[in-house]
Amino acid sequence: MCGIFGVYNYYGDVGEFRQRALDLSKKLRHRGPDWSGCIVADNNIVCHERLAIVGVDTGAQPLTNADESIVLTVNGEIYNHKKLEAELKQPTSFKTHSDCEVILHMYSEIGTDVCAKLDGMFSWALLDRRSAKSRLVAARDPIGITTLYIGRVSAHPETVFIASELKSLNEECDQIDEFPPGHYFDSEDGQFHRYFKPDWWTPERIATAPVDYRQLRESLTAAVRKRLMAEVPYGVLLSGGLDSSLISSIAVREAARISASAQSDTEDIDTRGARYFPRMHSFSIGLPGAPDLIAARKVAKFLRTAHHELTYTVQEGLDAVADVIYHLETYDVTTIRASTPMYLMSRKIKSTGVKMVLSGEGADEVFGGYLYFHYAPNADDFHKETVNRVHNLHTSDCLRANKSTMAWGLEARVPFLDKEFLQVAMNVRPEDKQCSKDLMEKAIIRRAFDVEFEGAGFTPEELAKGPYLPRDVLWRQKEQISDGVGYSWIDSLKEWAERRVSDEAMAAVHERFPYDTPSTKEAYLYRELFEQHFPQQACLKSVVRWVPRTDWGCSADPSGRAQKIHDKAY
């Protein structure tokens, strides 16, 4: 993962703007502290801030083809790069060992059709100079795991700015939009084009396939396996909840299987990570005595990982909130509550030398794991909400996972959002996903990895390896990150905001914030901190607030403990 910045068809003197472009790109250097690159071509500028994970020795960007008529800057990982390299029809000489270079060569053969062929997480901008008029093509991964923004100056609509984060655009552009996931932009018509078109994408199309537990298990295992691609130390984020524990367990098994097998040049995926670093490191964070720390400790012992238990104090968390808002570029209450411990943990992880981690984001959206899903009126509504939540992941959990970690140059990979796994999981009928007072949320994925569940379809060989997780962890109730790190964390944030925001200020909130008006003192404080960094009106459009479905009769408070079904509801 890296930081990218570019300007297409600049309206002024591009030579004079080069230093300004470098300064704007530098605002992304936390994402890519390993190297910087810049190419000026005609009246276009392409910049890159690199975090070296794959192709460490030769993968500096921007990348170019042989005659430099195509220039590419990429933020991301392409897990099927070996397969795509084998599909190239023309003899191709690669300049680097980067997994991303194949995008450039594949584009030169098939144009924008390359987007749908990519299996990975990515945001990229490509400058095609092979015709008299240069062409900009930019794309973002199907779900929006990586972040990307597009900006314009209303007085010069012919110019397009592209950047990984808002902070590189807000001082230059008066029009800023989040780049839509699953789309590419083409300067030839100035439009976005959807390339990701799975059959499950329309919420009104209700899934009908009965669950195949074996297929579900195998597709998630494959998603984890391909994400072990790395040439640097890596690990897993382990909260002790179901999602992160399951990813950790699969990763430990797959890393051991890869390191014990002979290396093959015919493999479609890159398995160097597990061969270079077979011992898995796990990381957890919380306030002293937090539920997540206790559960993560148990899982780490069970999986025999090299476990790192990190703690923080409430005051350390409060002190970090302003920085979190700057890096996350949001004022959403839920996101900030959850991002603060993740941001602190990422800093400590990076200090150990680890540069990549696997994480469990996405499972709650795919399987209806949030506790408010217990209140879904019927199966159809349950399914529609899962699809809509997946649609909006780029505004919440993906944004949190990407920017909290990349604030410290740490890359997070999310197997639950693998597009092949999604094709399986999102086509399972909602009746098999629904929860109730007698059936825990996400029972479907728990059963798929439960060796005691007869319908899971385990082979004798699989059963011989024993359980994936301790049973009480596999069936642990959902805890949202901001609760699991310690129940006093959210309470302390509310108390802090109560002290910082006066009753008089709250009474005049509509005058102070007429757009997307905050409804609590906590939301008021975050909005105030956000506008200190991003005062421009254009910056507000990218923020989306995460709230449960109050029309289902559940609390509007985003904390899991606000739902009556929680074991320790308040």
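## Close-up views of a predicted model

**View 1. Glutamate 385 and the residues it touches.** Leaving aside neighbours within four places in sequence, glutamate 385 is in contact with Tyr372, Phe373, Arg549 and Trp552. Keep in mind, here and in every view that follows, that this is a predicted model. Glutamate 385 belongs to helix 12, which covers residues 379-391. Is glutamate 385 buried or exposed? Its relative accessible area is 5%, and buried means under 20%, so glutamate 385 counts as buried.

View 2. Strands can pair side by side through backbone hydrogen bonds, in a parallel or an antiparallel way. In this sheet the pairing is antiparallel, and the strands follow the order 4-5-6-7-11-12. Which strands stand at the edges? They are strand 4 (63-64) and strand 12 (191-194); each has a single partner strand, so one side of each is left without a neighbour in the sheet. Helix 3 (residues 101-110) lies across strand 4, strand 5 (70-78), strand 6 (120-128) and strand 7 (135-140). Follow helix 3 and you will find that it runs at about 130° to strand 5.

**View 3. Strand 12 and its phenylalanine.** Four bridges join strand 12 to strand 11 (residues 183-186), and the two pair in the antiparallel sense. With a relative accessible area of 32%, phenylalanine 192 is partly exposed. Which residues does phenylalanine 192 touch, not counting those up to four places away in sequence? They are Ile150, Phe179, Pro180, His183, Tyr184 and Phe185. For a sense of scale, the C-alpha atoms of phenylalanine 192 and valine 14 are separated by 26 Å, and the two residues are 178 residues apart along the chain.

**View 4. Strand 13 with its parallel partners.** Now we turn to strands that pair in the parallel sense. Strand 13 (residues 234-237) runs parallel to strand 16 (residues 356-358), and three bridges join them. Within this pairing, glycine 235 stands opposite valine 357 of strand 16. Strand 13 also pairs with strand 14 (residues 281-286), again over three bridges and in the parallel sense. Which residue of strand 14 is the bridge partner of valine 236? It is serine 282.

**View 5. Helix 10 against helix 19.** Two packed helices can be described by the angle between their axes and the distance between those axes. For helix 10 (residues 333-351) and helix 19 (residues 488-500), the angle is about 115° and the axes are 11 Å apart. Their crossing is right-handed. On the helix 10 side, look for Arg337, Thr340 and Pro341; they meet Trp489, Ile490, Leu493 and Lys494 of helix 19. Of the residues in this contact, four are nonpolar, one is polar and two are charged.

View 6. Side chains of opposite charge can pair when their charged atoms come close. The count for this model comes to 50 salt bridges. One of them joins lysine 355 to aspartate 34, with the closest N and O atoms 2.7 Å apart. Lysine 355 counts as buried at 13% relative accessibility, whereas aspartate 34, at 32%, counts as partly exposed.

Aspartate 119 and lysine 226 also meet in a salt bridge, at 2.7 Å from N to O. Aspartate 119 sits in the loop between helix 4 (114-117) and strand 6, and lysine 226 in helix 5 (residues 213-226), 107 residues apart. Both aspartate 119 and lysine 226 are buried.

View 7. Arginine 130 forms a salt bridge with aspartate 128, and their closest N and O atoms are 3.0 Å apart. Arginine 130 is partly exposed, with a relative accessible area of 44%, but aspartate 128, at 6%, counts as buried. Elsewhere, salt bridges with shared partners join Arg31, Glu165, Lys167, Glu329 and Lys403 into one network.

Conventions: Residues numbered from 1 in each chain as written. Predicted model: local features only at pLDDT ≥ 70, side-chain atom pairs only at ≥ 80, totals over all residues. Heavy atoms only, no water. Pairing = 2+ DSSP bridges. Axes fitted to C-alpha atoms, helices over the stretch in contact; angles between N-to-C directions. Left-handed = near helix turned anticlockwise from the far one by under 90°. Contact = heavy atoms within 4.5 Å. Nonpolar A, V, L, I, M, F, W, Y, C, P; charged D, E, K, R; others polar. Salt bridge = Lys/Arg side-chain N within 4 Å of Asp/Glu carboxyl O. Buried < 20%, exposed > 50% of the residue type's maximum accessible area, 1.4 Å probe, protein only.
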